[in-house]
Amino acid sequence: RQLKFSYNNRLSSKELSGDDKCLSECNATIGEILQCLVIAYNIGHFFDTFTASRAVVMLAGKDEGFASSIKNQMADPQFKEAADKIFSEHNYKQLHLLNSLMILERCNPSTQSIRESRRPLAQAIGMTKEVIYAYLRGTDLSDKMEYVFKVFKIVRNVAYVAYDLQVANI
């Protein structure tokens, strides 16, 4: 049972519980998914992270046209569902994940550096988007994905404490 959760254990697309088959094609490990999640989780932050995110969520709650303009940035129905959930719950702490998804969507797989990479980056981008959607859903997860998100949250909390200790006036 313990080996099931080792970092080099591979996940199937079924374990992610998404429709996208890129996980089985990429044959990603728990460790690789954690690496993708760490990067993707952080690329969508605004400059004044929570202040700006809160302002966007508040405006989306008051102005349906503004909310629609964000929801229509991507054709993926999962994106619209995620945006609806974030706006309806006023969850400004996860708004940056919508930005992360939009950034990943706009990565151009036809550039030379991506075409020449050892692992097809387009597949890795698709997998990372599915991981973010699973993180935002937070329900109906496989044991492995629950484990991945649990480890991620612990590492993220330790990183926050370590950062705060560096910038705090003690």
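**Notebook: helix packing in a predicted model**

I began with helix H9 (residues 121-137) and helix H10 (residues 143-167): their axes come within 11 Å and cross at roughly 85 degrees. That makes H9 roughly perpendicular to H10, a label used for angles of 65 to 115 degrees, with under 35 degrees roughly parallel, over 145 roughly antiparallel and the rest oblique. Axes here are lines fitted to C-alpha atoms, for helices over the stretch in contact, and angles run from 0 to 180 degrees between N-to-C directions.

I note that this is a predicted model, in which local features need pLDDT of at least 70 and side-chain atom pairs count only at pLDDT 80 or more, while totals for chains, interfaces and linings use all residues. Residues are numbered from 1 along each chain as its sequence is written, and side-chain values use heavy atoms, with hydrogens and water left out.

**Entry: H9 against H10**

I listed the contacts (heavy atoms within 4.5 Å). From H9, Val-131, Ala-134 and Tyr-135 meet Met-145, Phe-149, Phe-152, Lys-153 and Arg-156 of H10. By class, the residues of this contact are 6 nonpolar, no polar and 2 charged. The classes are nonpolar for Ala, Val, Leu, Ile, Met, Phe, Trp, Tyr, Cys and Pro, charged for Asp, Glu, Lys and Arg, and polar for the others, Gly among them.

**Entry: H3 against H9**

I then took helix H3 (residues 30-42), whose axis comes within 10 Å of that of H9 and crosses it at roughly 75 degrees. That makes H3 roughly perpendicular to H9. On the H3 side I found Ile-33, Cys-36, Leu-37, Ala-40 and Tyr-41, which meet Met-127, Thr-128, Val-131, Ile-132 and Tyr-135 in H9. This contact divides into 9 nonpolar residues, 1 polar and no charged. Val-131 and Tyr-135 of H9 are listed here and also in the contact with H10.

**Entry: overall layout**

I counted 10 helices and 0 strands, with helices taken as DSSP runs (H or I, at least four residues) and strands as runs of E of at least two, numbered from the N terminus. Along the sequence the pattern reads α-α-α-α-α-α-α-α-α-α. Of the 170 residues, 39% count as buried; buried means under 20% relative accessible area, exposed over 50% and partly exposed in between, with a 1.4 Å probe and protein chains only. Among contacts with a separation of 6 or more, 64% come from residues 24 or more positions apart.

**Entry: H6**

I checked helix H6 (residues 77-88), which has 12 residues and reaches 16 Å from its first C-alpha to its last, close to the 16 Å expected at 1.5 Å a residue. The expected span is 1.5 Å times one less than the number of residues. Which residues of H6 are buried? They are Phe-79, Ala-82, Ala-83, Ile-86 and Phe-87. Seen down the axis of H6, these fall within an arc of 125 degrees, so they line one face of the helix; the arc is that of the directions from the helix axis to the C-beta atoms. An α-helix has 3.6 residues a turn, so residues three or four places apart point the same way. Turned away from the buried side of H6 are the exposed residues Pro-77, Glu-81 and Ser-88. The cover over the buried residues of H6 includes helix H4 (49-62), helix H5 (64-71), helix H7 (95-105) and H9.

**Entry: H7**

I found H7 mostly covered, with 9 of its 11 residues buried. The buried residues are Leu-95, His-96, Leu-97, Leu-98, Asn-99, Ser-100, Leu-101, Met-102 and Leu-104. They pack against H3, H4, H6 and H9.

**Entry: single residues**

I looked up Tyr-133 in helix H9 and found it buried, at a relative accessible area of 2%. Leaving aside neighbours within four places in sequence, Tyr-133 is in contact with Met-74, Asp-76, Gln-78, Phe-79 and Leu-101. Its C-alpha atom is separated by 9.5 Å from that of Glu-81, 52 residues apart along the chain.

Ser-53, in helix H4, is buried at 1% relative accessibility. With neighbours within four places in sequence left aside, Ser-53 is in contact with Phe-46, Asp-48, Tyr-92 and Leu-95.

I also noted two positive phi values in residues other than glycine. His-90, in the loop between H6 and H7, has phi near 50 degrees. Asp-140, in the loop between H9 and H10, has phi near 55 degrees and is exposed, with a relative accessible area of 72%.
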